[in-house]
Amino acid sequence: MNLSIDVVIPSFRLDEKYILPMLRLRKPANVNIKFYLVADNPSLIPSPAIQSLVDHKNVFLSVNPENLGSGLTRNNGMNAGNSDWILFLDDDVMVPDDLLETYAQAAEQHPDEIGFIGLVNLPKPTTAFTKALTVSGSLDIFSIAGKKASFAWGATANMMIKRSAAGNIQFTGKIPKTGGGEEVDFFLKIRERNQYRNYKTLPQAAVQHPWWNNEQPNYRKPFFYGIGNSWLGDLNPQYAYYDFPNTPETLLLSLLAIVITGLLKPMWVGPLLVFMAGVILIEIIASLIQTIKRSGTGNVQILMYVITLRIVYETGVLWGKLSRLRFGKIGERFHDNGTINKVYFYRSNTYKIVKWVLYPLLVIYILRYFV
């Protein structure tokens, strides 16, 4: 094989538990492997064990002068190397010894691919919160390699791309460094540069990812991911489309309507408050049906976490748009599967169908009993 691979690892923690096994991965014969470990924490001092592996020939360590976020940190790692392929690994995954061999073999057997999506396995959920994370679908991209032969993008926790396919495309600096959306934007742009060709999935290249926050509830991450994802329609308008308002958008518009009617038509304030209560009830019913369909369980705690996760994420998306004064983006959605929607309006699933059956009933009820 005449291959070269740059392994790019952005890290804020430089945790030996994860970093050392990566730097000690078994190297395939006749493959030139270089590791680019980029610390995104200027105050961090690498451990002696990590420093002992840094030789600036095969293993490189650089430290950002300031915290840049994972996207720009990956850019620094990419730009430091020049190998044919670039393997992205997150700094909190456990890697098998043969990971590089698996990727090298795939690159040799499929040299025309623009990249390979590896599998990211999570432990079996043991708390209601992590079960809700699984049911909600927010982690589906981690397991996409085990479900599809190819896809439009993958998680940077474990994915390899061809440098020539990427060209001069970089992770955007527009998305806040708290994350969310930058990998979608990056991989979709590379895909577009290569005639919209999907990345081949590689389930044999599997890593293990731990649960965040010891499986305890944490809503900061979905909120900030929502803010980051709110940029995707601006950065990639060809994948954007409009849909009916979601629950946070509907509640916001209802509040604005209450303010206006309170001044002009006070008699409508009461019906609008009933409408807002109905919106919340409909969200619960639709989420319950979707949760039962996906998981076969009607566990109330799991249901409440599923609802909260969705509301927090959608509120993050909404806040991201409002904070940039992008009021016309309310109702905008994004095809992260790479579909270019020619209709630009409405996409259905069980959750939405339930809502749009119940909404007319809610309006009829209000008109009959409150107006």
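Contact here means heavy atoms within 4.5 Å. The model is predicted, so local features are given only at pLDDT of at least 70 and side-chain atom pairs only at pLDDT 80 or more, while totals for chains, interfaces and linings use all residues. Residues are numbered from 1 along each chain as its sequence is written, and side-chain values use heavy atoms, with hydrogens and water left out.

**Figure 1. Surroundings of Phe 186 in the largest nonpolar core.** Leaving aside neighbours within four places in sequence, Phe 186 is in contact with Met 78, Phe 88, Ile 161, Ile 169, Gln 170 and Phe 171. A nonpolar core is a set of buried Ala, Val, Leu, Ile, Met, Phe, Trp, Tyr and Cys residues joined through side-chain atoms within 4.5 Å. Buried means under 20% relative accessible area, exposed over 50%, and partly exposed in between (1.4 Å probe, protein chains only). The largest core has 69 residues, and the members that touch the most others are Ile 5, Val 7, Phe 88, Ile 161 and Phe 186. Helix 4 (residues 99-109) supplies the largest share of this core, with 6 residues. Helices (H or I, at least four residues) and strands (E, at least two) are DSSP runs, numbered from the N terminus. Another core, of 11 residues, lies apart from the largest one and includes Ala 128, Leu 139, Trp 211 and Ile 302. In soluble globular proteins, nonpolar side chains tend to be buried together.

**Figure 2. Ring cluster containing Phe 186.** Phe 88, Phe 171, Phe 186, Phe 187 and Tyr 199 are linked into a cluster by ring pairs. Rings of Phe, Tyr and Trp (its six-membered ring) pair if their centres lie within 6.5 Å; planes under 30 degrees apart count as stacked, over 60 as edge-to-face and the rest as tilted. By this rule the count is 20 aromatic pairs.

**Figure 3. The pair of Phe 275 and Tyr 359, and that of Tyr 365 and Phe 370.** The rings of Phe 275 and Tyr 359 form a tilted pair, 6.1 Å centre to centre with 45° between the planes. Phe 275 lies in helix 11 and Tyr 359 in helix 13, so the pair ties together parts that are 84 residues apart in sequence. Phe 275 is buried, with a relative accessible area of 17%, and Tyr 359 is buried at 5%. Tyr 365 and Phe 370 form an edge-to-face pair, 5.7 Å centre to centre with 65° between the planes. Tyr 365 is partly exposed, with a relative accessible area of 42%; Phe 370 is partly exposed at 40%.

**Figure 4. Helix 11 and its packing partners.** Helix 11 (residues 269-295) has 27 residues and reaches 39 Å from its first C-alpha to its last. This is close to the expected 39 Å, where the expected span is 1.5 Å times one less than the number of residues. Its buried residues include Pro 271, Leu 272, Phe 275, Met 276, Gly 278 and Val 279. Also among them are Ile 282, Glu 283, Ala 286, Ser 287, Gln 290 and Thr 291. The buried residues of helix 11 pack against helix 5 (128-136), helix 10 (247-264), helix 12 (300-323) and helix 13 (350-369).

**Figure 5. Leu 288 and the end of helix 11.** Leu 288 is found in helix 11 and is partly exposed, with a relative accessible area of 30%. Not counting residues up to four places away in sequence, Leu 288 touches Gly 298 and Leu 303. The C-alpha atoms of Leu 288 and Val 300 are separated by 8.6 Å, at 12 residues apart along the chain. Just after helix 11, Gly 296 takes a positive phi of about 75°.

**Figure 6. Positive phi at His 56 and Tyr 196.** Most residues other than glycine have a negative phi. His 56, in the loop between helix 2 (48-53) and strand 3 (59-63), has a positive phi near 60°. Tyr 196 also has a positive phi, of about 60°. The loop that holds Tyr 196 runs between helix 7 (182-193) and strand 8 (199-208). Tyr 196 is partly exposed, with a relative accessible area of 35%.
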